[in-house]
Amino acid sequence: MNPIVSVFAASPNRGRGLARDMAVRWALAEVGQDHQLRLLSFADLKTPEHKARQSFGQIPTFETDGLTLFESGAIVLHIAETHGLLPVDPAARARAIAWMFAAVSTIEPVIVEREVAVLLEGDKPWTAERLPMLEARLRQRLDDLATWLGDKDWLEGDFSAGDIMMVCVLHRPAGALLMGDYPVLAAYVARAETRPAFQTAFAEQKTRSDAAHG
Ligand code: GTB
């Protein structure tokens, strides 16, 4: 049975590849694994049926023989472990997995903090004062990431699941906005975007979104 991935029936990001199924679709395309989609409305997400798959009522989920998995990072890790999207050498493999965690627990929080400040707290009196501090924190992380990457193509040897998670995080608007200031990171993201699997996954989610939104 091909795995089933649950995604938005009509993604609010309108095909820009920002919803979290993008990393899962990309990983599946990298390993050449066909899959089916479970298309869900916002109302569907909060049903007991979907919450049995994803306790928080979110996408994506991943169903394959005997396993229902949630959390995009855990799904990508599972695909990577079962299909060889991680280094074979145990030490390099552990480090590639560390980069998956770094993407979601070291880089993404500073990006999200800045997004929340602008989108949800933009009208609060303290926001103008907080923004420079949040931007400085974000820039510190991006500086350090760019220093690590240096002239490497990928985070840890060959392309891996760590790069999928990191590039998806850098695509988030607050990260993408700053790429012009980080040529090393911009080149890294561009390199990832030229991968056929990225383009396949991106086109698939865009086609779905275009069909839903007209
Ligand atoms: N940590 C979880 C994971 O990585 O799987 C987070 C999953 C998550 O945030 N899912 C979101 C969701 O289902 C969709 S992707 N939200 C519905 C809900 O919580 O009720 C996040 C997302 C949504 C929309 C945009 N956008 O419009 O640009 C971008 C990202």
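A pocket, as the word is used here, is an open set of grid points with protein on both sides within 12 Å along at least five of seven lines. In this predicted model, the largest pocket holds about 470 Å³ of space.

**The largest pocket**
- The lining of this pocket is made up of 17 residues, and those closest to its centre are Phe-8, Leu-18, Ala-19, Arg-20 and Arg-172.
- By residue type, the pocket lining splits into eight nonpolar, five charged and four polar residues.

- Searching the whole structure turns up two cavities of 30 Å³ or more.
- The largest cavity contains about 160 Å³ of space, and 14 residues line it.
- Closest to the centre of the largest cavity are Leu-18, Arg-20, Glu-108, Cys-168 and Val-169.
- Three helices, α1 (21–31), α5 and α7 (161–170), each give at least two residues to the lining of the largest cavity.
- Helix α7 makes the largest contribution to that lining, with three residues.
- Eight residues of the cavity lining are nonpolar, while three are polar and three are charged.

**Helices α5 and α6**
- Helix α5 covers residues 90–119 and helix α6 covers residues 127–149; their axes come within 8 Å and cross at roughly 160°.
- Angles over 145 degrees count as roughly antiparallel, and α5 and α6 are therefore roughly antiparallel to each other.
- The crossing in which α5 passes α6 is left-handed.
- On the α5 side, the residues in contact include Arg-95, Trp-99, Ile-107, Val-110 and Arg-114.
- On the α6 side, they include Arg-130, Leu-134, Leu-138, Arg-141 and Trp-148.
- The residues of this α5–α6 contact comprise eleven nonpolar, seven charged and two polar ones.

**Two backbone spots to look at**
- Between Ile-59 and Pro-60 the peptide bond is cis, with omega near 0°.
- You can find Pro-60 in the loop between α3 (48–51) and β3 (61–64).
- Arg-14 is not a glycine, yet Arg-14 has a positive phi of about 50°.
- Look for Arg-14 in the loop that lies between β1 (4–8) and α1.

Technical notes: Residues are numbered from 1 along each chain as its sequence is written. This is a predicted model: local features need pLDDT of at least 70, side-chain atom pairs count only at pLDDT 80 or more; totals for chains, interfaces and linings use all residues. Side-chain values use heavy atoms; hydrogens and water are left out. Axes are lines fitted to C-alpha atoms, for helices over the stretch in contact, and angles run from 0 to 180 degrees between N-to-C directions. Helices (H or I, at least four residues) and strands (E, at least two) are DSSP runs, numbered from the N terminus. Angles under 35 degrees count as roughly parallel, over 145 as roughly antiparallel, 65 to 115 as roughly perpendicular and the rest as oblique. A crossing is left-handed if the near helix is turned anticlockwise from the far one by less than a right angle, and right-handed if clockwise. Contact means heavy atoms within 4.5 Å. Ala, Val, Leu, Ile, Met, Phe, Trp, Tyr, Cys and Pro count as nonpolar, Asp, Glu, Lys and Arg as charged, and the others, Gly among them, as polar. On a 1 Å grid over the protein atoms alone, a cavity is a set of points where a 1.4 Å probe fits but cannot get out, and a pocket is an open set with protein on both sides within 12 Å along at least five of seven lines; lining residues have an atom within 4 Å of a point. Grid points are joined across faces, edges and corners, and a volume is the space filled by probe spheres set on the points.
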